Amino acid sequence: TDVETTGTSGENNRVTEIGCVVVRGGEVQHTFTSLVNPRQFIPPFIEQMTGITNAMVFNAPEERDVFAEVYKLLKLPNAVFVGHNEQFDWSFVSNSLKRSGLPVPQIDRICTCKLARRLLPKTRKKNLGAVAEYFGIHIDGRHRAYGDAEATARVLIEFLEHLEEHHEVQTMGDVLSFQNKRLSNFHPTPRVLK
């Protein structure tokens, strides 16, 4: 999942666009994307970054209608929420669900940025664009929810294959444990001049 928003606070700002890509068995099974009327002004710098204008969202679906569809995806059997900066995306999704009068599912959450910090320690940048480039994944629509969600799904598939092959990670519990290990466990000890 990826969201574009009016700002950085999941509580005070609103979603302007959401993209969801459902992956099962390493294959994309379903996608959902929608603009959302945030009922808030989109600042010019965000318009410039995302290309989503106030005019584009003026007649977009209401938050409650969009998140009723998102809720159905989150309630799929064995659903796991995945985002490249999962805490940011989940903050907006969970607050949107609450405002829409929907329960917030207690589901596992994976952060592909956390996984990148552990699995790609030598790459300087860990943002979605840099990680996608590392794997040769073209992002069609960078800083748009669907393009970034699709890239996140493809990065996730790469990471899961790597974890299974090189780290003997087999279960969701293993993935969650791996992503939450201290970063110090994944960096070589720095050499110190004597």
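## Cysteines

A residue counts as buried when its relative accessible area is under 20%, and as exposed when that area is over 50%. In this predicted model, cysteine 113 has a relative accessible area of 11% and is therefore buried. Cysteine 20, with a relative accessible area of 5%, is likewise buried.

The structure holds 0 disulfides, and cysteine 20 takes part in none, the nearest cysteine sulfur being that of cysteine 111, 16 Å away. For cysteine 113, the closest cysteine sulfur also belongs to cysteine 111, but the two sulfur atoms are 5.2 Å apart, which is too far for a bond, because a disulfide requires a pair of cysteine sulfur atoms within 2.5 Å.

## The sheet

An open sheet is formed by 3 strands, arranged in the order β1-β2-β3 with antiparallel pairing. Its edge strands are β1, which covers residues 2-5, and β3, which covers residues 27-35, and each of these pairs on one side only. Between neighbouring strands of this sheet, the average turn is 5 degrees when direction is ignored.

Strand β2, made up of residues 15-24, runs antiparallel to β3 and is joined to that strand by 8 bridges. Within this pairing, valine 22 has histidine 30 of β3 as its bridge partner.

## Helices on the sheet

Helix α4, which spans residues 86-99, packs on the sheet and touches both β1 and β2, while its direction makes an angle of about 75 degrees with that of β1. Helix α7, spanning residues 145-167, lies across β1, β2 and β3, and it runs at about 30 degrees to β2.

## Packing of α3 against α4

Helix α4 also packs with helix α3, which comprises residues 63-74; the angle between these two helices is about 115 degrees, and their axes lie 9 Å apart. The two helices are therefore roughly perpendicular to each other, and the crossing that they make is left-handed.

On the α3 side, the residues that make this contact are Glu63, Phe67, Val70, Tyr71 and Leu74. Helix α4 contributes Trp90, Val93, Ser96, Leu97 and Arg99 to the contact.

How values were computed:
Residues numbered from 1 in each chain as written. Predicted model: local features only at pLDDT ≥ 70, side-chain atom pairs only at ≥ 80, totals over all residues. Heavy atoms only, no water. Buried < 20%, exposed > 50% of the residue type's maximum accessible area, 1.4 Å probe, protein only. Pairing = 2+ DSSP bridges. Helix = DSSP H or I, 4+ residues; strand = E, 2+ residues; numbered from the N terminus. Axes fitted to C-alpha atoms, helices over the stretch in contact; angles between N-to-C directions. Contact = heavy atoms within 4.5 Å. Parallel < 35°, antiparallel > 145°, perpendicular 65-115°, else oblique. Left-handed = near helix turned anticlockwise from the far one by under 90°.
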